[in-house]
Amino acid sequence: MEAIIPLILMFAIFWFLLIRPQQKRQKQIRNMHAALEKGDKIITIGGLHGTIDSLDEDTIVIIVNDNRKLTFDRTSVREVVNPD
């Protein structure tokens, strides 16, 4: 019984320091991807800045320099940078 207590304690520490924060971050990213709208200014995972022109369930079309349109997977969006 005494040998189990340190293992449980180590698992609890591991859970609160590593697993739980990662799950919270993944939930935030899913919510951000679900809330994307036309006109949002975004940055992709590759560092490309643009504005969403259109979107559907899996893809987005963004406008970049000189009104060029590029198509990306919705999951390639790293962050939305709309001025608040």
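Through how many residues does a hairpin join S2 to S3? The hairpin joins S2 to S3 through 3 residues. Helices (H or I, at least four residues) and strands (E, at least two) are DSSP runs, numbered from the N terminus.

The model is predicted, so local features need pLDDT of at least 70 and side-chain atom pairs count only at pLDDT 80 or more, while totals for chains, interfaces and linings use all residues. Residues are numbered from 1 along each chain as its sequence is written, and side-chain values use heavy atoms, with hydrogens and water left out.

**The helix**

Helix H1 covers residues 4–34, and its 31 residues should span 45 Å at 1.5 Å a residue; the end C-alpha atoms are 42 Å apart, which agrees. The expected span is 1.5 Å times one less than the number of residues. H1 bends by about 45° at Trp15, where the bend is the angle between axes fitted to the seven residues ending there and the seven starting there.

Phe11 is found in H1 and is exposed, with a relative accessible area of 52%. Phe11 also belongs to a nonpolar surface patch with Leu9, Ile13, Phe14, Leu17 and Leu18, which together have about 640 Å² of accessible area. Such a patch is made of residues with over 30% relative accessible area and no salt bridge, the nonpolar side chains (Val, Leu, Ile, Met, Phe, Trp, Tyr) being joined within 5 Å. Accessible areas come from the Shrake-Rupley method with a 1.4 Å probe.

**The strands**

Two strands pair if DSSP finds at least two bridges between them. Strand S1 (residues 41–44) runs antiparallel to S2 (residues 49–55), with 3 bridges, and Ile42 stands opposite Gly50 in S2. These two strands form a hairpin with 4 residues between them, where Gly47 in the turn has a positive phi of about 95°. S2 is also antiparallel to S3 (residues 59–64), with 4 bridges; here Ser54 stands opposite Val61 in S3.

**The salt bridges**

The whole structure holds 2 salt bridges, each a side-chain nitrogen of Lys or Arg within 4 Å of a carboxyl oxygen of Asp or Glu.

| Pair | N to O distance |
|---|---|
| Lys69 and Asp53 | 3.1 Å |
| Arg78 and Glu79 | 3.4 Å |

Lys69 in strand S4 (residues 68–73) and Asp53 in S2 are 16 residues apart, and their pair links distant parts of the chain. Lys69 counts as exposed at 53% relative accessibility, whereas Asp53 counts as buried at 17%. Buried means under 20% relative accessible area, exposed over 50%, and partly exposed in between (1.4 Å probe, protein chains only).

Conventions:
Patch = residues over 30% accessible without salt bridge, like charges linked within 9 Å, V, L, I, M, F, W, Y side chains within 5 Å.
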